[in-house]
Amino acid sequence: MKSGNMNIGVFDSGFGGLTVLRALLERLPGANYIYLGDTARLPYGAKSQATVARYAVSSAHFLVEQQADYLVIACNTASALALDAIRDAVPVPVIGVIETGANAAQAATETGDVLVMATAATVDSHAYSAACHERGLRAIEKACPLLVPLVEEGWVDHPVTEEVLRIYLSELLEESAQAAIRPDTLVLGCTHYPLLRTNIERALPASIRVIDSAEATAAQVAAALCLPNSSDNPDGNPHTRRFYATDSVTKFRILGTRFLGQAIAHVELIDLGG
Ligand code: DGL
């Protein structure tokens, strides 16, 4: 890997990937970051594989044009449906969040039984089931299509969201009881869901541990790039953090601040077509 400042491109259909960027900034503060939220074409989670792959590949091309040396696909739906297409399309290493999420589940579970909440497209792809199966785990997946719009609306501590979560989780637990499995781990299989983590933990039995793949992804990127956990800048230049969105930059700044946990000063609007 190059010895100067690494440019890490982080991509999501919207704001959720900022939870992954947040973990990356904590672990690898010395890198430069280029974040793209394809907000004009969100949600990916309700679209077909062909459409998600087309959107994700054009987004990956944009990040490579911006000099990204390494791509983090911080979107579960794009990782589940388009990782191979992205890898085929760009000349830089690409990591997705499904593998890292499954690794984190494997590290966390004692019973080997895992629950996954994700978008409809991610669940339909069964990417999590397959990744869990490869690691000797059993997984039950639940599509939770109402959660992304509720988070986008900022309805995190809202009675409607609490009720929707209660219904989804009771259906998921019912399904796992019918399958006679003993889950002790629940994977947040969508990068929007970490914002609902406290609500989800409140609604689950205490025996089930909630994990998201953001920290596991950051750890895997750090291991792959062999970068020091230091904000020292090898080439002496200031670090750059650039943010791009395909729809309202005002909305991105306001909502993005909540996901990133720090203010986003500037967002550039770009057009990736339809
Ligand atoms: N970021 C997407 C994911 O992690 C969810 C939002 C969408 O549906 O585009 O699956």
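Domain bounds here come from an automatic or database domain assignment. For this protein chain it gives domain 1 (3-96 + 217-269) and domain 2 (98-213). The model is predicted: local features need pLDDT of at least 70, side-chain atom pairs count only at pLDDT 80 or more, and totals for chains, interfaces and linings use all residues. Residues are numbered from 1 along each chain as its sequence is written, and side-chain values use heavy atoms, with hydrogens and water left out.

Start with the two domains. Their C-alpha centres lie 23 Å apart. The contact (heavy atoms within 4.5 Å) takes 25 residues from domain 1 and 21 residues from domain 2. Between them the domains bury about 1700 Å². Buried area is the accessible area (1.4 Å probe) that two parts lose on being put together, summed over both. Carbon and sulfur atoms carry 57% of it.

Next, the charged link. One salt bridge is counted between domain 1 and domain 2. The term means a side-chain nitrogen of Lys or Arg within 4 Å of a carboxyl oxygen of Asp or Glu. The side chains of Glu-152 and Lys-251 form a salt bridge, at 3.7 Å from N to O.

Now take the side of domain 1 that touches domain 2. At least two residues each come from α1 (18-27), α3 (76-89), β4 (94-96), α10 (213-225) and α11 (249-260). Helices (H or I, at least four residues) and strands (E, at least two) are DSSP runs, numbered from the N terminus. The largest share, five residues, is from α3.

Finally, a loop residue. Ala-179 sits between α8 (159-178) and β7 (185-189). Ala-179 and Ile-140 are 39 residues apart in sequence, and 8.9 Å apart in space, C-alpha to C-alpha.
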